[in-house]
Amino acid sequence: MTEKHLKEGYYFWSGDVAAAEGAIAAGCRFYAGYPITPSSEIAEQMALRLPQVGGRFIEMEDEIGSIAAIIGASWTGERAMTATAGPGISLMNENIGLAVMTEVPIVVVNAMRGAPSTGLPTLIGQGDLMQARYGSHGSYEIISLYPNSIQETFDLMFDAFNLAEKYRVPVIYLLDGLLAHMYERVYVPPREEWEKRIVRRKRARKGQLPYEPDEDLVPPMPLIGEGFRIHATGLTHDERGYPNLTPQAQEKLIRRLNEKILRHEREIWKVEEFMTEDADVIVVSFGGESRAVKAAVKKARKEGIKAGMLRLITIWPFPWEYIRKYSADFIVAELNYGQIYHKVREYAETKVHKLNKMGGEIHTPDEVLKRIREVSGK
Amino acid sequence: MSIMEDLRREEEKLLRTERLPHVWCPGCGIGIVLNAFLRSVLRRNMDPNKLVVVSGIGCTGRAAGYVNVDSFHTTHGRAIPFAVGIKFARPDLNVVVFSGDGDLFAIGGNHFINAARRNHDLLIIAVNNFTYGMTGGQHGPTTPTGAYTTTTPYGNPDRPFNIPHLAISLGAPYVARWTTYHVNQLQNSIHKALGMKGFRVIEIISQCPTVYGRRNYMRSPLSMMEYFQKNSIVKNDATFEEMELTYNGKIVVGEFRSVEDIPTYEERYEDIIRRAQNEGGD
């Protein structure tokens, strides 16, 4: 038996395939999932490829079982992932909370489609941004990333797994119906090179308590089967992992779960600033939608309008400093009734405008351009 | 030092004694089941560092909190898929799901059915106390028809699962039922199942005098145990009808199925890895 790894070269992939291959390159060796449009091709690629590299794929009975299985697998030290779309995320949210509370690194892909409910299964939506942040019950911080090209879908998977492992937190990897099914050329570097990008989780030392944090507020993780006699519970717990149902234990634990992310937000933030330096109008955008926004910004510049684009690659924790630093007016272009608009308003000291479509298709560059003209008064 | 004293010392090594006293009510049967499990583990001479216990939510779900091995108290109904993830990722570990009837068969029923169908290599210890104890005694998927609970004040119109029959119909290689009265049989059964492979199911009828018995003419722990003693019949070749549980009726117990050598999901997947790596070029 020999493992079959990706070779250096150019590939023509859909976003789903790039997400799967990016995950495998980033060290993912365990996938449990349940098919759902437009993410099903991730499962198909994982079923084909994981056993080729000694990994394991299982198609579970539903999304709840899928996420429970990857949380269990992650405790054995595997980099574990599942992929789904909005309806599946809705089912997974309780266990996303379990992973937050018990600090288990996992990557959950959500290929967003038109929603609520069954919505537009095959078409793009961006309605799950707040759900990524607030989907499970309780007050917690989470990490969410969102690429905008097939190359970036591959590359950003390294960040997704590295951040999950570094901070012992679920990472919601957002895709959308456009990215999931769009094909583009992807460059895959030699294996030696990509393997250098992998950051492994901190492993607990012998005798260390399972929830005793280091100075960075993240407890090194013990693994199953190594004599740690781990106990983990979704109940409020102490450093030993034992239930401690007091306001004091709750205060200590929940503050740390939030602060371990917020204290490192600048390391987690990733944005693309395109022609923003001298801009009078900045369009905030993300995912598939940002492709049209960039084209519109270029057109606006040709017309003499000082437009720019701020593309959020990290959605959560929200990269607020990039809003605060500009004195331009903002347009938030998104495929929902207005979600990130409210976050931008929270931090902008200037005017913030909406540009919304309810999903199904992205804005055309001309629609974005029209809004830029209106806002700039030209 | 007596033999029992030695056994107690050995057992205590498998308990997180600093967490005692436990949350279970006086007279509860879950401790009897946990005791039988720990003694079976000792008899098997199992490496505690390679043993994993996974529980869901509820009274029995608290068992994971007391065993001194890698142990996980998960979300309601999800102990089985959580355990599937552990076992599939690390097939060398012994993974035991220790949970209650509501957790495993109502909210977690779909996971039970599908994990049994796939024949994951898991031992399922299913404590059936006829009720949702932790929430105060509502009726559940195993409450006998006619029984009184806080949500069946006029008697239960619902009908209960026939758990052994369900497990057998799904091809589970080992299926047994005992009550907390049958401590030795239960211990032997767990001991045997720990030495087998595949999806092994042991249902244990257990007393909940606090919220179930007192509403159903069995106010004390002893009266529930007497019911188990007087009404249990051992019948290993029981039929579907015989395995059905009725309100304060007969309880047919026994080892209903014990089959070796059915390949587990984990074993079948090893073959998938071989095929994926041997087939074609690269």
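**Legends to the close-up views**

**View 1. Strand S3 (residues 94-100) and strand S4 (residues 123-128) of chain B pair in the parallel sense over 5 bridges.** The model is predicted: local features need pLDDT of at least 70, side-chain atom pairs count only at pLDDT 80 or more, and totals for chains, interfaces and linings use all residues. Residues are numbered from 1 along each chain as its sequence is written, while chains are lettered from A and ligands numbered from 1 in the order in which they are written. Helices (H or I, at least four residues) and strands (E, at least two) are DSSP runs, numbered from the N terminus; two strands pair if DSSP finds at least two bridges between them. Opposite B:Val97 stands B:Ile124 in S4(B).

**View 2. Helix H2 (residues 30-44) of chain B lies across strand S1 (51-55), S3, S4 and strand S8 (200-205) of chain B.** H2(B) runs at about 160 degrees to S4(B); axes are lines fitted to C-alpha atoms, for helices over the stretch in contact, with angles from 0 to 180 degrees between N-to-C directions. Contact between two residues requires C-beta atoms, placed from the backbone, within 7 Å.

**View 3. S1(B) has both faces covered.** B:Leu51, B:Val53 and B:Ser55 on one side, and B:Val52 and B:Val54 on the other, are all buried (20 or more other C-beta atoms within 10 Å of the residue's own; exposed means 12 or fewer, partly exposed in between, with C-beta atoms placed from the backbone). With 5 of its 5 residues buried, S1(B) is therefore largely enclosed by the rest of the structure. S1(B) pairs with S3(B) in the parallel sense over 4 bridges, and B:Val54 has B:Val97 as its bridge partner there. S1(B) and S2(B) also pair in the parallel sense, over 4 bridges; B:Val53 is bridged to B:Ser71 in S2(B).

**View 4. An open sheet of 9 strands with mixed pairing includes S10 of chain A.** The order is S10(A)-S2(B)-S1(B)-S3(B)-S4(B)-S8(B)-S7(B)-S10(B)-S9(B). S10 of chain A and strand S9 (232-234) of chain B are the edge strands, each pairing on one side only. From one strand to the next, the twist averages 15 degrees. S10(A) and strand S2 (residues 70-73) of chain B pair in the parallel sense over 3 bridges, and A:Thr233 stands opposite B:His73 in S2(B).

**View 5. The contact between chains takes 41 residues from chain A and 35 residues from chain B.** Elements giving two or more residues to the side of chain A that touches chain B are strand S2 (28-33), strand S3 (56-59), helix H3 (63-75), helix H4 (86-102) and strand S10 (231-233) of chain A. H3(A) gives the most to this side, with 9 residues.

**View 6. The largest nonpolar core holds 201 residues, of which A:Val107, A:Val283 and B:Ile125 touch the most other members.** Such a core is a set of buried Ala, Val, Leu, Ile, Met, Phe, Trp, Tyr and Cys residues joined through C-beta atoms within 7 Å. Domain 1 (9-195) and domain 2 (272-376) of chain A both give residues to this core, so it lies between them; the domain bounds come from an automatic or database domain assignment. Not counting residues up to four places away in sequence, B:Ile125 touches B:Val33, B:Phe37, B:Val96, B:Val97, B:Phe98 and B:Ile202.
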